[in-house]
Amino acid sequence: MPEIVLRNVRPWGGPAVDLRMYGGRITSLFPHDDGDPRSLTGAPDTEFIDGRGLLALPGFVNAHAHLDKSWLGLLWVSYGGEATTEGRIRHEREHRDGLGIPSVATTTTLLTKMIAHGTTAFRSHVDVDLGVGLDGIRSVREAVAGIGAPVGLEIVAFPQDGVLRRPGVLDLLDRAAAEGADHIGGLDPASIDRDPVGQLDALFGIADRRRVGVDIHLHDGGELGAFQYELIIERTRALGMAGRVNVAHGFAIGDVAPARQRALIEAVVDAGITITTVAPVNAPRLLLTELRSAGVVVGLGTDGVRDLWGPYGDGDMLRMATRMAQLAGWRSDADLEAAVRIATSEAAGFVGRSEHDLAVGAAADVVLVDAGNVQEALVEAPARRLVIAGGVIVADCLSSGAVPGE
Ligand SMILES: [Zn+2]
C-alpha cells in the first residue's frame with residue numbers, strides 16, 4: 001500500500017491541513033501550506049491528493065449492522081409486514097433460502113454501498129442458527145476480505161432464532177467464539193427463550209470461557225426489559241466484564257418510571273455496559289441525552305438494511321446520525337456535533353480500537369464531504385467525495401468531477 005498525502009482538507013471543519021498516511025495509519029498531520037515541502041515530497045509511489053478544502057471526518061463506525069441479511073442488489077423483495085419479533089423471525093426463515101441469503105455476493109453488495117457512504121468499520125451481528133450454522137460468519141469474513149482494504153470488522157455470533165429453545169445453538173455459538181467471533185449475541189432472553197436467567201447464564205458462560213464480549217438484542221420493554229437489564233448488569237459485574245458487554249436497542253430504559261430510569265442508567269454506567277441504538281422511529285425514546293450525560297458510551301448502527309425484517313435503509317451512517325439527532329430532539333451546535341462523533345470517533349471501542357479519529361497513530365480512515373462545518377454535514381448529509389479505509393482509497397468521487405458549488 002503506497003503512502004498517501006491528502007492535501008488541503010479540514011478535519012472536523014477546522015483549519016486546512018495535510019494528512020499523511022502510511023501502513024494503514026495516519027503518520028503526520030500539519031497545517032496546509034502549498035510551499036511546505038512536507039506537502040509535496042514523498043517516495044516515488046506516494047500518491048498526492050488535492051482535498052480541495054473539503055470537510056474531513058473519521059470513517060463512520062457502524063456499531064450495529066447485519067451484514068449477512070440484506071437482499072440489496074436483488075430485485076425488490078416485497079415485505080408483507082410481520083407485527084412481532086417472532087413473526088419476523090419466522091418470515092425470514094421461510095424466505096431466506098430462496099433469496100440465497102446469506103451469501104458472499106449479497107453481503108458484498110451491502111458492504112460496498114455502506115463503504116461508499118463512508119463507513120470504514122463495522123460491528124456486525126451475523127445469524128448463527130440450526131439452518132445456516134456458521135455459514136453467515138464465513139460469508140461476511142470473505143466479503144470483507146474481498147474489499148481489498150483493512151476495513152474494521154467485529155463479528156457478533158447472533159442467535160436470531162433463539163438459544164435455549166433451539167438445542168444445538170449453544171454449541172454453534174461456542175464454536176463461533178472458538179473460531180474467532182468477537183462477541184456472543186443474544187435475543188430477548190425472556191420473550192424468545194422464556195428463560196432469561198437460563199439464556200444469560202449460558203451466553204455469559206461461553207463469553208467468560210472464550211474471553212469474548214457479549215452483545216445482546218433487548219427489545220423487551222417496561223419492567224420485563226428492565227429486569228433483564230438487571231440480570232445483564234449482575235453478570236457483567238460478577239465476571240468482571242466491564243467494557244465488554246453491550247445492550248442493543250434496550251428500549252426498556254426509556255419505558256419505565258423516571259426514578260427507575262435513573263437507577264438503571266447509574267447501574268449501567270457503573271457496570272461499564274455500553275448501549276447501541278439504530279434510531280428507530282417507532283419505539284420508546286432511548287434517553288440519549290440522559291445516557292450520555294451519565295457517561296454511558298452509546299453507539300449507532302444501521303441495523304438490517306432492506307432485509308426480510310423490513311424494506312427500509314440505505315446503509316448511510318450519516319443519515320442515521322441525522323435521524324438519531326432529530327429523534328433525540330437535539331438542536332444545539334454541540335449536540336449536532338455529538339451526533340457525528342457518536343457515529344465516528346466515540347465509537348472506537350465498538351470495533352476494538354483505542355482511538356478512531358483524524359489523529360497521528362489512528363487508523364487512516366477518512367471521509368471527505370462538501371460541507372462548511374460538522375453541523376451542516378449532519379443536517380445535509382452531502383455526498384461522500386472520498387473514502388479511505390486503513391490507508392486505501394475505497395470510494396472516490398473526487399477525481400471524477402468538480403466539487404458541487406465550485
Ligand atoms: Zn439488530
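Mentor: Contact means heavy atoms within 4.5 Å. Keep in mind that this is a predicted model.

Trainee: Which residues does Gln-199 touch, not counting residues up to four places away in sequence?

Mentor: Gln-199 sits in helix α6. Its relative accessibility is 0%, so it counts as buried. Leave out residues up to four places away in sequence, and the partners of Gln-199 are Val-163, Leu-164, Gly-186, Leu-187, Asp-188, Pro-189 and Asp-193.

Trainee: Is Thr-236 buried or exposed?

Mentor: Thr-236 belongs to helix α7. Beyond its neighbours within four places in sequence, Thr-236 contacts Phe-204, Met-241, Ala-242, Val-245, Ala-271 and Ile-273. The cut-off for burial is under 20% relative accessible area. Thr-236 has 1%, so it counts as buried.

Trainee: Which salt-bridge partner does Arg-235 have?

Mentor: The closest N and O atoms of Arg-235 and Asp-201 are 2.6 Å apart. Arg-235 is in helix α7 (residues 222–238) and Asp-201 in helix α6 (residues 196–210), so the bridge ties together parts 34 residues apart in sequence. Arg-235 counts as buried because its relative accessibility is 12%. The partner is Asp-201.

Trainee: What is the relative accessible area of Asp-201?

Mentor: Partly exposed covers the range between the buried limit of 20% and the exposed limit of 50%. Asp-201 falls in that class, with a relative accessible area of 41%.

Trainee: How far apart are N and O in the salt bridge of Arg-175 and Glu-179?

Mentor: Arg-175 is partly exposed, at 41% relative accessible area. Its side chain meets that of Glu-179 in a salt bridge. The rule asks for a side-chain nitrogen within 4 Å of a carboxyl oxygen. For Arg-175 and Glu-179 the N to O distance is 3.7 Å.

Trainee: How many salt bridges does the rule count?

Mentor: Some of them share partners: Lys-69, Glu-92, Arg-93, Arg-96, Asp-127 and Asp-129 are joined into one network that way. The count of salt bridges comes to 32.

Trainee: Which protein residues are donors of the zinc ion?

Mentor: The distances from the zinc ion run from 2.1 to 2.4 Å. Along the chain the donors follow H-x1-H-x150-H-x85-D.

Trainee: Is the arrangement of the four donor atoms around the zinc ion tetrahedral, square planar or irregular?

Mentor: Four tetrahedral donors need angles between 85 and 135 degrees. Around the zinc ion the angles span 87 to 168°, which makes the arrangement irregular.

Trainee: Are His-64 and His-66 buried or exposed?

Mentor: Under 20% relative accessible area is the cut-off for burial. Both His-64 and His-66 are buried.

Trainee: How far apart are the C-alpha centres of domain 1 and domain 2?

Mentor: Domain 1 comprises 4–59 + 357–396. Domain 2 is 61–351. Their C-alpha centres lie apart by 30 Å.

Trainee: What area is buried between domain 1 and domain 2?

Mentor: Carbon and sulfur atoms give 70% of the buried area. In domain 1, Gln-375, Leu-378 and Arg-384 lose the most area to domain 2, together 35% of what that side buries. The area buried between the two domains is about 1900 Å².

Trainee: How many salt bridges does the rule find across the interface of domain 1 and domain 2?

Mentor: Take Arg-384 and Asp-316, whose closest N and O atoms are 2.8 Å apart. Asp-316 lies in the loop between β13 (298–300) and α10 (317–327) and Arg-384 in strand β15 (residues 384–389), so this bridge ties together parts 68 residues apart in sequence. Asp-316 is buried at 3% relative accessible area, and Arg-384 counts as buried at 7%. Across the interface the number of salt bridges is two.

Trainee: How far apart in space are Val-394 and Glu-92, C-alpha to C-alpha?

Mentor: Val-394 is in strand β16 (residues 392–396). At 23% relative accessibility, Val-394 counts as partly exposed. Among the residues it touches, beyond four places in sequence, are Ile-115, Ile-147 and Val-387. Glu-92 is 302 residues from Val-394 in sequence, and the C-alpha to C-alpha distance is 31 Å.

Note on methods:
Residues numbered from 1 in each chain as written. Predicted model: local features only at pLDDT ≥ 70, side-chain atom pairs only at ≥ 80, totals over all residues. Heavy atoms only, no water. Donors = N, O, S within 2.8 Å, 3.2 Å for Na, K, Ca; no water. Tetrahedral: all angles 85-135°; square planar, octahedral: opposite > 155°, others 65-115°. Buried < 20%, exposed > 50% of the residue type's maximum accessible area, 1.4 Å probe, protein only. Helix = DSSP H or I, 4+ residues; strand = E, 2+ residues; numbered from the N terminus. Domains from an automatic or database assignment. Buried area = accessible area lost by both parts, 1.4 Å probe.
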